[in-house]
Amino acid sequence: MSNQPAQSRASVLECGAARRFRTLTALANLLLLIPAIFAADRYETRATYDPDGINKFYMGRQIAHVVSGHPTVSWLERPGREEEEQTDKLLEALNLKNGDVAADIGAGTGYITWRMAKKVAPNGKVYAQELQQEMLDILGENMKKRGVTNVVHALGTITNPNLPTNSLDLIIMVDVYHEFSHPFEMTEGLVASLKNGGRLVFVEFKPNDPTVRIKPVHTMSEAQVKKEMSLFPLQHVQTVTNLPMQNIITFKKSPPQPK
Ligand SMILES: C[S@@+](CC[C@H](N)C(=O)[O-])C[C@H]1O[C@@H](n2cnc3c(N)ncnc32)[C@H](O)[C@@H]1O
């Protein structure tokens, strides 16, 4: 009896603390939800869509399915690809030099990787970055066969390329970016991994060209790439249009200048 008032004071204090805790928890949950709300806004689905895509649209463009399996591996390594795509011209346009640190995103079987690795050797290296471990395994075998030793494997996720930050001179994506299921998040990660002044290079099949027999969702216009990159601290440097099937669209990382 005698300590009842003390007890009720304690329970009032406890109630107040519990209320404050509940309010703070609700607020924290709301804050956690904010990125998800914006992310949901970033992407949309539509009633009608091209079945070659995943019915996920980003800045007006439908995202393509990720290609995989044996038919893809054979297609990436097809005899005649070099002539068809004029790969030597692409490598020339990259202007890589000994000592450069580069990344080949969505490297596949390593068709571009080993060519880049030779250009940056002996002091440079190339990160072969992929979403599919199966591709990295094949790529590893291909590098072994060619005696290429300056290639580092990097397995990423759909939202994170998993590369070291502020460390790359050049990042290339050959027929890859249009397959990213989360292009915004991936680009954020890629830009973070570039050094200031480092280059981000898109090699995308030319759209609306009857000589380029590629499914429309696996093509991208220069204008669309520029639109999507306008959200990032990047400056367009040049677009090379003289390859037969693809455009090479290059940006430079240029952080906002302090005022
Ligand atoms: C058409 S292949 C191109 C392969 C290689 N770049 C070439 O030209 O030979 C596209 C590759 O992008 C990869 N890819 C798709 N989404 C990716 C992502 N979010 N992160 C890393 N790789 C991805 C796929 O696994 C696939 O191997």
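Q: What does Asn55 count as, given its C-beta neighbours inside 10 Å?
A: This is a predicted model, in which local features need pLDDT of at least 70, side-chain atom pairs count only at pLDDT 80 or more, and totals for chains, interfaces and linings use all residues. Residues are numbered from 1 along each chain as its sequence is written. A residue is buried if 20 or more other C-beta atoms, placed from the backbone, lie within 10 Å of its own, exposed if 12 or fewer, and partly exposed in between. Asn55 has 14 such neighbours, and therefore counts as partly exposed.

Q: In which strand does Asn55 lie?
A: Helices (H or I, at least four residues) and strands (E, at least two) are DSSP runs, numbered from the N terminus. Although Asn55 is not a glycine, its phi is positive, at about 50 degrees. Most residues other than glycine have a negative phi. The strand that holds Asn55 is β2.

Q: What is the order of the open sheet of 3 strands?
A: Two strands pair if DSSP finds at least two bridges between them. Strand β2 (residues 53–58) runs antiparallel to β3 and is joined to it by 3 bridges; Phe57, for instance, stands opposite Gln62 in β3. The pairing in this open sheet is antiparallel, and the order is β1-β2-β3.

Q: Which are the edge strands?
A: The open sheet of 3 strands has the order β1-β2-β3. An edge strand here pairs on one side only, and this applies to β1 (43–44) and β3 (61–64).

Q: In what sense do strand β4 and β5 pair?
A: Strands of a sheet pair through backbone hydrogen bonds, either parallel or antiparallel. Ile105 has Gln129 in β5 as its bridge partner. Strand β4 (residues 101–105) and β5 are linked over 5 bridges, and the sense is parallel.

Q: Through which helix does the chain cross from β5 to β6?
A: A crossover is right-handed if, with the strands pointing away from the viewer, the path from the first strand over the helix to the second runs clockwise. One right-handed β-α-β unit is made by β4, helix α5 (residues 113–120) and β5. The β-α-β crossover from β5 to β6 is right-handed as well, and its helix, at residues 133–146, is α6.

Q: Why is α5 largely enclosed by the rest of the structure?
A: Its buried residues include Trp114, Met116 and Val120. They pack against α4 (87–94), β4, β5, α6 and β6. Helix α5 is largely enclosed because the number of its 8 residues that are buried is 6.

Q: Which residues does the peptide bond with an omega of about 5 degrees join?
A: Most peptide bonds are trans. The bond in question is cis.

Q: With which residues is Met229 in contact, leaving aside its neighbours within four places in sequence?
A: Two residues are in contact if their C-beta atoms, placed from the backbone, lie within 7 Å. Met229 belongs to helix α8 (residues 222–229), and it counts as buried because it has 20 C-beta neighbours inside 10 Å. Beyond its sequence neighbours, the contacts of Met229 are Leu234 and Phe251.

Q: What distance separates the C-alpha atoms of Lys252 and Val237?
A: Lys252 is placed in strand β10 (residues 246–253), and it is partly exposed, with 16 other C-beta atoms within 10 Å. Its contacts include Val237 and Arg199. Lys252 and Val237 are 15 residues apart along the chain, and their C-alpha separation is 6.4 Å.
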